[in-house]
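Me: I'd like to go through this model one question at a time. Could you put it up first?

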Amino acid sequence: MTSITCRRILLKLSGEALMGPDAFGYHGETLAGIVKQIDEVAALGVEIGIVVGGGNLFRGATGALSGMDRATADSMGMLATVMNALALKDALMAAGVPAQVMTAVTIAHVGEPFERDAAVRHLEAGRVVIFGGGTGNPFFTTDTAAALRAAEIGADLMLKATKVDGVYSADPKKDPSATRYDELTFDEAIARNLGVLDTAAFALCREQKMPLQVFSIFKAGALKRIVHGEAEGTRVVP
Ligand SMILES: Nc1ncnc2c1ncn2[C@@H]1O[C@H](COP(=O)(O)OP(=O)(O)OP(=O)(O)O)[C@@H](O)[C@H]1O
Ligand SMILES: O=c1ccn([C@@H]2O[C@H](COP(=O)(O)O)[C@@H](O)[C@H]2O)c(=O)[nH]1
């Protein structure tokens, strides 16, 4: 196999991916498959930060649609991502992978409050750091939180692990004629309004010259192939 192309990565993990074929919550077998992929890469010595979404539990926009105050609904969404961070930490620890949860919203006894230097120390000590609570601010998403944490920890690469196998010309779940890109630029992704990542997250990656790889977390061994520099999903480049 080829040599490792990154030293430190930030993995944005879809919350919805954690529910596998179910309609809500966590699917044990799917979670185990994700943990296996993270373990494979951690075993190579790659430092791994993770931002996990909340789509398997709650999204603020859904709460707002049913009449909730948006900022309150977003706080609930952020708490959902903390729950996912704890579920992921538990599954990683059970598999023997050291992991630490850090939260953007302070919740005593649940995880450490996010602090950049401490996060880097955990990474250097070989712990997977799971960032819960998004950015800590309403009206944002975990995509933007991922781009932010990737920049803060000095990641070489941001990865978006999701349910589709890359960036398409349109949402492949809605348009079966959509075609997948192997590579495109941030300028192209923003100009074409490609909805796989929010525009704020695309823009932050572009500004920070942070390459992004979008891939399906359901493909066994995909994460390992990416850190070995092999083609997988779509690469978005500055
Ligand atoms: N141009 C596109 N290319 C690929 N996927 C797209 C595109 N436009 C929209 N999507 C949709 O974006 C989804 C992934 O992003 P989304 O933010 O909805 O979920 P997520 O990152 O999986 O987070 P969570 O489930 O935690 O909210 C895909 O499942 C896909 O249906
Ligand atoms: O910085 C953030 C990140 C997230 N939220 C809220 O959490 C949910 C779940 O996150 P997803 O990115 O949609 O998976 C999101 O819908 C927001 O309600 C937030 O407020 N701020």
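**Annotated sites, ligands and core**

Me: How is everything numbered, and what pLDDT do local features need?
Reply: Residues count from 1 along each chain as its sequence is written, while chains are lettered from A and ligands numbered from 1 in the order in which they are written. This is a predicted model, where totals for chains, interfaces and linings use all residues, side-chain atom pairs count only at pLDDT 80 or more, and local features need pLDDT of at least 70.

Me: What average pLDDT does the chain have?
Reply: The model scores pTM 0.98 and ipTM 0.97. In pLDDT (the predictor's confidence in each residue, from 0 to 100), 100% of the residues score at least 70 and the chain average is 97.

Me: Is G15 buried or exposed?
Reply: G15 sits in the loop between β1 (8–13) and α1 (28–42); helices (H or I, at least four residues) and strands (E, at least two) are DSSP runs numbered from the N terminus. Buried takes 20 or more other C-beta atoms within 10 Å of a residue's own, exposed 12 or fewer, partly exposed in between, with C-beta atoms placed from the backbone. G15 has 22 such neighbours inside 10 Å, so it's buried.

Me: Which residues is G55 in contact with, leaving aside neighbours within four places in sequence?
Reply: G55 is in the loop between β2 (47–52) and α2, and with 22 C-beta neighbours inside 10 Å it counts as buried. Contact means backbone-placed C-beta atoms within 7 Å. By that test, G55 meets S14, G15 and E16.

Me: How many residues surround ligand 1?
Reply: A residue is near if its C-beta atom, placed from the backbone, lies within 6 Å. The closest to ligand 1 are S14, G15, E16, G53 and G55, in a shell totalling 19.

Me: Which helix gives the largest share of the shell around ligand 2?
Reply: Ligand 2 has 21 residues around it, with G53, G60, D74, G77 and G134 the closest. At least two shell residues each come from α2 (60–65), α3 (70–94) and α5 (142–152). The largest share, 5 residues, belongs to α3.

Me: Why do the "binding site" (unreviewed entry) positions that include G54 and D74 gather at one spot?
Reply: UniProt lists G54, D74, T135, G136, N137, P138, F139, F140, T141 and T142 for this feature. They span 89 residues in sequence, but they gather at one spot because no two of their C-alpha atoms are more than 14.4 Å apart.

Me: Is F140 buried or exposed?
Reply: F140 lies in the loop between β5 and α5. Beyond four places in sequence, F140 touches G134, T135 and A145. With 20 other C-beta atoms within 10 Å, F140 is buried.

Me: How many residues are in the largest nonpolar core?
Reply: Such a core joins buried Ala, Val, Leu, Ile, Met, Phe, Trp, Tyr and Cys residues through C-beta atoms within 7 Å. I38, I50, V128, I130 and M158 have the most contacts inside it, and the core's residue count is 64.

How values were computed
UniProt positions are given in the numbering used here, feature names are shortened, and annotations may be inferred rather than shown by experiment. Two residues are in contact if their C-beta atoms, placed from the backbone, lie within 7 Å.
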